[in-house]
Amino acid sequence: MKIHEYQAKQIMKSYNIAVPNGGVADTAAEACRVAAAIGGNRFVVKAQVHAGGRGKGGGIKTGSTAAECEKIAQAMLGSQLVTPQTGAEGKRINKILVEEGVDIAREIYLGITVDRAQECPVIIASSEGGMEIEELAKKSPEKIIKERIDYRVGLRTFQLTKIAFALGLDAALRKQATALIAALYKLFVEKDCSLAEINPLVITKDGKLLALDAKLNFDDNALYRHKDLVELRDVLEEEPLEVEATKHNLNYIKLDGNVGCMVNGAGLAMATMDVIKLAGGEPANFLDVGGGASSEMVKEGMKILISDPHVKAVFINIFGGILRCDTLAKGLIEALSEVEVKLPLVIRMEGTNVEQGRKLLNESGMKLIVAATMKEAAEKVIATIKH
């Protein structure tokens, strides 16, 4: 789950990580009031959307008066912000963050994520802040510092010192940096983050470290432990079909293709998308209904699939392990009897009682294309689209 920058900064502030003075607004008048309360003659107005590259898209502007901030906010709010991460359709700006201007001496990158290959948290830092870490990795990989943490013993003092020295900080800043990194790691662990990023972490001209930007992503599987974080979710920033899927405990991610996929199991879902591409098609989604899918879940999943106007055919690929194939076939027939599907529908199933399941499908009287293998099913579903 993602949250907005202003929300991430509020959480970081609670962990004693310094952030600029500012406030959030959803109207131009409120933006003016926030700027007036901050005071001074330098302000930054930042669009609050779940996407990076806001500066490139015109989502970060500066102003010198509260009235100017109001004018900027008036132009931003309600508009579509297009960045390299939003796609051509962009994202609607519903909130903005107004902050004090900061005198910057230097910018640093600092992030913590999960190293899945090593199965541990990893701190990533660089003396080159302000640019996307992916771009930095391409252009100057030698400038990226990585420090992996044994989760059994936690972050050690020598690791903090090592990072601070590698960033080329002087003694006074090293002390600040080690405290800040330790605080960010504490936040990362306690809040079950999948990403905690400050880019840039700036050194101000008066020698302070300040989180000029902030990004926190959370592990969805751990949200049951964090009811307070769930309340921060902004469904307006999410794909509507994905929001609908979560209501029915379905794992759904919308993609750009035209073959709707319904699968039980994440690994099988990945393999299904691969075989669709090998057959010359493009998957329209990732949809895992789980090993114990009920007919109700299948029905709701089908509704979501056919709600996507880009979907031209549906591929159902099921392995009957926990759930027997005949039981699944009955549930699928029941679901399809309640949901009108006008698109070509190809079904491949394998596992316990597979022959009984295929027989039920073949004798259902429904317009279903039953395939014996994944390859055959993928080829048939692509053929239905081409014809």
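**A cavity and a helix pair**

Let's start with the lining of the largest cavity: β7 (104–115) and α6 (171–190) each supply at least two of its residues. Helices here are DSSP runs of H or I with at least four residues, strands are E runs of at least two, and both are numbered from the N terminus. Of these elements, α6 gives the most to that lining, with 3 residues. The model is predicted, so to speak of local features takes a pLDDT of at least 70 and side-chain atom pairs count only at pLDDT 80 or more, while totals for chains, interfaces and linings use all residues. Residues are numbered from 1 along each chain as its sequence is written, and side-chain values use heavy atoms, with hydrogens and water left out.

A cavity is a set of points on a 1 Å grid over the protein atoms alone where a 1.4 Å probe fits but cannot get out, and lining residues have an atom within 4 Å of a point. Among the lining residues are Ile-108, Leu-167, Ala-177 and Leu-209.

Now for the helix pair. The axes of α11 (residues 325–338) and α12 (residues 354–362), lines fitted to C-alpha atoms over the stretch in contact, come within 7 Å and cross at roughly 20°. The two helices are therefore roughly parallel to each other, a label for angles under 35 degrees. Where they meet (heavy atoms within 4.5 Å), α11 brings residues including Ala-329 and Leu-332, and α12 brings Gly-357 and Leu-360, among others.

Terms used: Axes fitted to C-alpha atoms, helices over the stretch in contact; angles between N-to-C directions. Parallel < 35°, antiparallel > 145°, perpendicular 65-115°, else oblique. 1 Å grid on protein atoms, 1.4 Å probe; cavity = no way out; pocket = protein on both sides within 12 Å on 5 of 7 lines; lining within 4 Å.
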